[in-house]
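Please examine the sequence and the three-dimensional model shown below. How are its helices, aromatic rings and backbone features arranged?

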Amino acid sequence: MPSLLLTIFPPLLGAIFVILLPSRNVRLIKGVALFHAAIAFVASWSLVPTFDRTTSALQFVAPFPWSPDADGSAALGVDGISFPMVLLTTLVMLIALVASLHGAHRVKGYFAWFLLLEFAVLGVFTSLSWSLFYVFWELTLVPLFFLVSVWGGKNRSAASMSFFLYTLAGSVLMLVAILALHLSVPKHGFGMVEMQNASAGLGRATQVLLFLGLFAGLAVKIPVFPLHGWLPLAYVESEPPVSMVFSAVLAKMGAYGLLRLTALLPAGAESLVPLLFLLGLVNIVYGALLAFRQPDLKTMVAYGSMSHMGFVLIGVSSLNGAGLTGATMQMCTHGVSSAALFLLVGALERRTKTRDLRHYGGLASVTPRFFVALSLALLGSMGLPGLAGFVSELSTLVGTFQRYEYLAGIATVGVLITAGYSMRAIGRIFFGPLNPRWKHLRDLEPRELFAAAPLGVLIVALGVAPRAALDLFAATVSHMATLFHG
């Protein structure tokens, strides 16, 4: 229990300390923010040796009163699905803060909002009641709105407002569904376990309606077509560290919620899996096509992120062990590769003041460290065997084929398109004639290498030795699959 609380609350304390510090003391503000993010990182990863991989039961549970009413109690804890997301969050947030050291304006507000965002995201992944889940879910909206609207690009106002309105609209439907489900529980509780047990008594039609209400809110974050309208502006107009969080962490909140929802309303899930499968295929192919036609490198990565999240959807729609394993693994591998891509694209843009692929060329000879790091991230993202994305996409396709047979082959079209735009980007940036403008371009610096190195190591490790990650969620996923006789 103490270690889990040491993971969740240091970012909140860090945000409070940053607010109390004088604005002129920039170095101290950055140091305090990094220190508290590092505490959360160390505390979460120190739990790995003691995490029991043989059970699907909740672990490190920390109960506390949510309201004077006993039925309003809440708790924090993790299982095999949420624990990897906690590890991913603390890693990505720490790297994003390291990447922010190069000098954002209004440093005090920036780092305070960033730490508050980390606290809210960790709350989402560790909440054991739907009421607390919803509170943390909504709390993420506030720091994200300001991080985009204050520190974003020239279209930041439109980007922040678009994200806010899309998310708020989905959250209203989510709240209505949670309240309706709450009333169906005999003691009117919000606990995830209690609600899951009570949902067995609900009719299939009721479960379908509740599933759709909750899914509407989750789908915005993933994002799922056609609720992805906020994505290009928000991802592109944000600072690179914020884009990292959007893709690597915020999208996983929606996917994580979908897994919880599927277990919560199994009859509704079984009725709606054809819809999930169709939406997943559209996400994969449509997102990849949009990425392929983009000359803007950051926009390409943004739409590529949407495409990869489609594999989570089709994996969940399979309702079997292989597909659910692939979906969970995809959340991990995509989180790592997308964080690396936005980090490196941001570093390249900061040097060249452009993201247009047509303006690059021949950089392999000038920036060899950039060449290795960005190529590794792109190859890992496209699912090259031996790198992170391969295991997750293969497992997802195997599970999907077991349920939908040859229809699953449509998803491989997205894989081919992803390979096309990834190799095109590598070719246009690093090969061909060297653009004279970049003959003195700086390569990755030690601080940037320090931030990118853990992600690069994980891209390789998750591809070469995925067993360590798979063991974390195997028991929980197997238990979940038994709900559907998978």
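The model is a predicted one. Two packed helices are described by the angle between their axes and the distance between the axes. For helix 3, which spans residues 26-45, and helix 5, which spans residues 107-126, the axes come within 9 Å and cross at roughly 10°. Angles under 35 degrees count as roughly parallel, and helix 3 and helix 5 are therefore roughly parallel to each other. On the side of helix 3, the contact is made by V26, I29, K30, A33, A37 and A40, and on the side of helix 5 by V107, K108, F111, L115 and E118.

A pair of aromatic rings is described by the distance of the centres and the angle of the planes. Across the whole structure, a search finds 28 aromatic pairs. In one of these, the ring centres of W113 and F146 are 4.8 Å apart and the planes lie at 10°, so the two rings are stacked. Because W113 belongs to helix 5 and F146 to helix 7 (residues 141-151), this pair ties together parts that are 33 residues apart in sequence. Are these two residues buried, exposed or partly exposed? W113 has a relative accessible area of 24% and is partly exposed. F146, at 31% relative accessibility, likewise counts as partly exposed.

A second pair has another geometry. W130 and F133 are edge-to-face, with 5.1 Å from centre to centre and 65° between the planes. Both residues lie in helix 6 (residues 130-139), and because they are 3 residues apart, about one helical turn separates them. W130 is buried, with a relative accessible area of 2%, and F133 is buried as well, at 0%. How much of helix 6 is buried? The count is 7 of its 10 residues, so helix 6 is largely enclosed by the rest of the structure. The buried residues are W130, S131, L132, F133, Y134, F136 and W137.

One aromatic cluster is formed by F163, W230, Y235, F246 and F342. Elsewhere, a charge meets a ring: the charged end of R424 sits over the ring of F292, at 5.1 Å from the ring centre.

Most residues other than glycine have a negative phi, and most peptide bonds are trans. Which peptide bonds are cis? One runs from I222 to P223, with omega near -10°, and another joins F225 and P226, with omega about 5°. P223 is placed in the loop between helix 10 (204-221) and helix 11 (231-237), and P226 also lies in the loop between helix 10 and helix 11.

For F60, phi is near 55°, a positive value in a residue other than glycine. F60 is part of strand 1 (residues 59-64) and counts as buried at 17% relative accessibility. E405 occupies the loop between helix 17 (388-404) and helix 18 (411-430), and at 48% relative accessibility it counts as partly exposed.

Two buried residues complete the account. S317, in helix 14 (residues 297-318), is buried at 0% relative accessibility. Apart from residues up to four places away in sequence, S317 touches V273, L276, F277, R403 and Y404. Y256, in helix 12 (residues 240-264), is also buried at 0% relative accessibility. With its neighbours within four places in sequence left aside, Y256 is in contact with I81, S82, V124, F125, F133 and M331. Among these partners is F133, a residue of the edge-to-face pair with W130. Between Y256 and Y404, the separation is 148 residues in sequence and 23 Å in space, taken from C-alpha to C-alpha.

How values were computed: Residues numbered from 1 in each chain as written. Predicted model: local features only at pLDDT ≥ 70, side-chain atom pairs only at ≥ 80, totals over all residues. Heavy atoms only, no water. Axes fitted to C-alpha atoms, helices over the stretch in contact; angles between N-to-C directions. Helix = DSSP H or I, 4+ residues; strand = E, 2+ residues; numbered from the N terminus. Parallel < 35°, antiparallel > 145°, perpendicular 65-115°, else oblique. Contact = heavy atoms within 4.5 Å. Phe/Tyr/Trp six-rings, centres within 6.5 Å; stacked < 30°, edge-to-face > 60°. Buried < 20%, exposed > 50% of the residue type's maximum accessible area, 1.4 Å probe, protein only. Lys NZ or Arg CZ within 6 Å of the ring centre and 35° of its normal.
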